Amino acid sequence: MSEHRRKPPQPEGSGRAAARRAAQQPTPGRRAASASSSATPDSGRGGQYGSRSDARRSTQHGPAGGRRRPGEPGSGGGRGRRDGGRPAKKRFIDYPRAGKDGVKRWLPSWKLVLGACFTFIGLILGTVGVALAVVQVPDEQKAAAVQKNVYYWSDGKQMVVAGGGSLNRQIVPIAKIPMSMQQAVISAENASFYDDWGVDPMGIARAVVKMAQGGETQSGSTITQQFVKNTYLSQEQTLKRKATELLISIKVGATKDKDEILAGYLNTAYYGRGAYGIQAAARAYYDKDCTQLTASESAYLAATLNGPNLYDPYGGQGPAATPEKNLKRSMDRWKWTLDREVEVGHLPAAERDKWVSKGFPKPQKPKPATNRAGQIGYLTDLADNYIVAHSTIGKSQLDRGGYQIHTTFDRDKVNALSKAVEDVRKANIKPDVRERDKFVQFGGASVEPKSGKIVAIYGGENALEHYTNNADYTGVQVGSTFKPFVLAAAMTHGKRDPSLGRSQGDSQRTLVSPESIYDGNNKLTLREYNGSVWHDQNGGEWHQANDGDEERGPITLRTAMQFSVNTPYIQLGMDVGTDLVKEAALKAGLDKDQLASITPTFSLGTSAPSAIRLAGSYATFAASGKQIDPYSVEKVEKDGKPAYSHELESKLAFSPKVANNVTDVLKTVVEAGTGTHAKLGDRPVAGKTGTTDGNRSAWFAGYTPQLSTAIGMYRVDPNAKKQEFLSLRGVGGQATIHGASYPSDIFADYMGAALKGQPVEQFDPAEPLGEKVYGGGASPSPSAVPSTTPSATPSTTPSATPSKPASPSPSASRSCHPLDRRCQQQGAGGTTNGGGTGGPGGIGGTGDPGTSPSPDPSRGRPGGGGLFGGPSG
């Protein structure tokens with residue numbers, strides 16, 4: 001060896017320690033690997049690696065501290081190796097995925113997705129299997145049992161046990177159900193009945209989605225599902241009940257014969273009219289055994305299963321269930337069912353044509369239960385209507401029975417109202433003596449202003465003979481009892497400025513005082529608020545008539561209300577705006593479905609609110625503007641648990657100033673106007689008479705602070721082919737009938753009995769409101785100042801004695817109206833909506849301008865709505 005070759009450095013010291021130190025000297029690769037370690041806070045500890053943990057980590061990485069790649073020395077040979085080559089433990093669910101970087105690490109593999117799907121399906125099937133094993137099909141007879149409802153008076157005493165399927169269910173075997181009925185139901189409801197599994201998964205899915213979205217609820221679509229729902233379950237639309245229905249339907253479909261299911265469905269379904277089962281339905285609609293049903297009758301009864309409330313030709317509950325709408329709907333469904341039977345091969349086309357040519361098999365009129373005689377049937381029907389409209393209890397559930405229904409009806413007041421009507425009827429209405437006395441009807445309702453409770457109604461002579469509830473919607477126009485809403489609108493919004501355009505006139509208004517002056521002459525030309533002549537769509541004018549063609553001259557609104565002069569109020573409605581008059585009527589509590597279309601005579605009472613709604617709206621004035629919807633049910637219980645409880649809600653319809661001024665004006669009517677028959681001694685009364693065109697109806701609506709009552713009277717022949725209201729002229733031997741006659745007499749007799757023993761309460765005083773304005777051609781000249789003390793006979797010119805504008809209410813000692821029977825011992829007085837006579841290019845004849853429809857008594861057939869859902873009887 002050359003002596004010039006550099007010798008390696010000799011280790012310090014000698015022996016084993018020196019050898020160990022030499023072995024620990026890093027190679028170039030290790031120096032680089034340890035460079036990063038030396039920068040750590042612990043680099044001064046544990047040699048080159050800072051700590052033992054750093055040393056271990058460094059052995060697991062390649063050069064420059066990176067992780068070794070598969071195949072590199074020390075890598076363990078692949079993904080399954082770690083820590084110097086030891087095999088890694090495999091996870092049952094490889095998620096997050098090992099050996100993947102970035103997004104791929106979090107994307108599940110196809111194996112994982114497929115496994116999850118199979119697991120989910122397995123869980124569902126397992127859950128369903130367990131549920132099917134656990135769920136029990138309830139006892140059919142017990143679950144479908146029909147009970148009775150118990151109705152209670154307001155004092156808690158029992159009124160009647162009724163309802164709950166007035167026609168007892170009679171189970172008939174499938175062999176006795178005519179094949180025509182079976183085929184009609186299968187064709188219309190479930191054409192694949194004999195082939196399906198008993199459930200419709202897609203239908204259930206749609207119903208679940210609808211309910212989850214808060215949309216319209218849907219029920220099962222197969223006959224099996226309907227049978228299960230009718231027989232074993234409640235009628236509530238919830239996810240829990242849907243799931244239960246599905247499970248029981250599957251079990252029933254798998255264990256019961258199809259004919260048994262069909263028979264069960266037809267024997268438990270609700271057909272309306274309190275009839276459960278096909279035999280009860282055949283009796284209720286056609287008064288025959290089900291074995292005698294024709295194919296045409298079967299097609300109609302199959303239609304009732306689609307919703308009996310909407311398919312009874314004599315009406316149902318709610319604004320969509322009027323007799324006219326129901327008849328058309330049932331005829332369409334009947335014809336569709338026959339066509340459907342032909343389409344699916346269950347009926348020959350020739351037989352279908354035969355039944356169609358014979359016409360719709362209209363069923364008989366509904367018959368109330370015999371324990372609902374007198375007023376009881378009207379009371380229970382009114383309570384039923386209210387429950388269905390204001391709770392979650394459906395009509396079919398209510399008819400199944402088992403409910404305890406606590407009403408607001410006061411037995412003594414109901415009896416007092418019935419007695420007041422019958423006393424007047426017996427003393428004056430003699431159909432055996434006078435032809436004109438036939439078909440006379442009375443209706444009435446009484447409401448507490450402070451609570452909204454309906455304490456009494458008069459629905460007719462007998463609920464077993466007269467099916468229409470005259471206290472609810474009948475289609476009878478109310479005439480001048482509508483005028484207080486015009487006055488309320490004028491005092492709330494004001495008269496428009498006639499000198500400005502429409503947009504500016506609406507913004508520039510003057511609140512109207514009851515002492516404002518309007519022209520009260522007869523047959524005045526109707527004008528727009530700006531003074532231009534009003535024309536109808538044909539260019540005709542309107543000339544409003546007063547009752548008896550009276551010429552009253554300039555007159556205050558108070559006096560015009562007192563003697564029911566038409567011309568000032570029809571013009572006031574134009575000056576304020578008939579849209580605002582309608583708004584005032586709605587705020588007071590009338591139902592929009594019972595209001596007429598907007599025309600100028602809208603202000604004179606072309607609308608037909610029910611007696612209940614009219615009494616309720618007058619109660620708003622009695623309560624100083626606080627409006628509460630009338631109600632008839634306090635609470636409903638079932639099996640000792642609450643099913644419904646009324647919650648009192650009120651709102652301010654008018655300011656106390658406006659309401660109290662209306663009351664003050666209406667006091668004038670009773671004290672010395674057309675309503676003097678309604679006086680109650682020293683008890684203050686406010687009210688208004690009303691009579692309509694052709695003397696077809698007469699009303700009185702009035703109130704004290706404790707009670708508001710409306711009484712109506714009209715004539716209609718229930719058996720006439722064309723239903724129309726008949727004139728009251730000649731009834732009771734009188735030339736004409738007005739609200740000042742029989743309706744006022746009934747009001748006074750009833751209110752006197754109903755308030756007997758109660759303290760005399762005073763109305764809140766009326767504070768000054770509005771300005772004295774002039775309208776309808778009246779001017780502020782001295783000669784135009786009217787008198788509030790009319791002469792004993794009609795005058796064509798205003799009195800020379802000026803009124804005292806500062807007096808808010810006339811004295812009771814004023815002279816009588818010429819038509820006041822009790823004051824003058826003459827014939828009854830009142831008012832008419834008036835007719836019009838055409839001027840040049842005018843309308844001519846009598847009636848209303850515009851397109852207001854005539855009253856239609858056919859809208860008032862049984863079925864309710866009215867107060868609780870719109871026009872129907």
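Helix 25 (residues 656-672) has 17 residues and should span 24 Å at 1.5 Å a residue; its end C-alpha atoms are 24 Å apart, which agrees. The expected span is 1.5 Å times one less than the number of residues in the helix. Helices (H or I, at least four residues) and strands (E, at least two) are DSSP runs, numbered from the N terminus. The model is predicted: local features need pLDDT of at least 70, side-chain atom pairs count only at pLDDT 80 or more, and totals for chains, interfaces and linings use all residues. Residues are numbered from 1 along each chain as its sequence is written, and side-chain values use heavy atoms, with hydrogens and water left out.

Helix 25 is mostly covered, with 14 of its 17 residues buried. Buried means under 20% relative accessible area, exposed over 50%, and partly exposed in between (1.4 Å probe, protein chains only).

Strand 17 (residues 633-638) pairs with strand 18 (residues 641-645) in the antiparallel sense over four bridges. Pairing requires at least two DSSP bridges between two strands. Val-636 stands opposite Tyr-644 of strand 18. Two residues lie between the strands of this hairpin, where Asp-639 takes a positive phi near 55°.

Thr-578 lies in helix 23 (residues 578-588). Its relative accessible area is 14%, so Thr-578 is buried. Not counting residues up to four places away in sequence, Thr-578 touches Gly-573, Ile-598, Thr-599, Phe-602 and Ser-603. Contact means heavy atoms within 4.5 Å.

A disulfide is a pair of cysteine sulfur atoms within 2.5 Å. By this rule, the count is zero disulfides. Cys-117 is partly exposed at 41% relative accessibility, whereas Cys-290 is buried at 1%.
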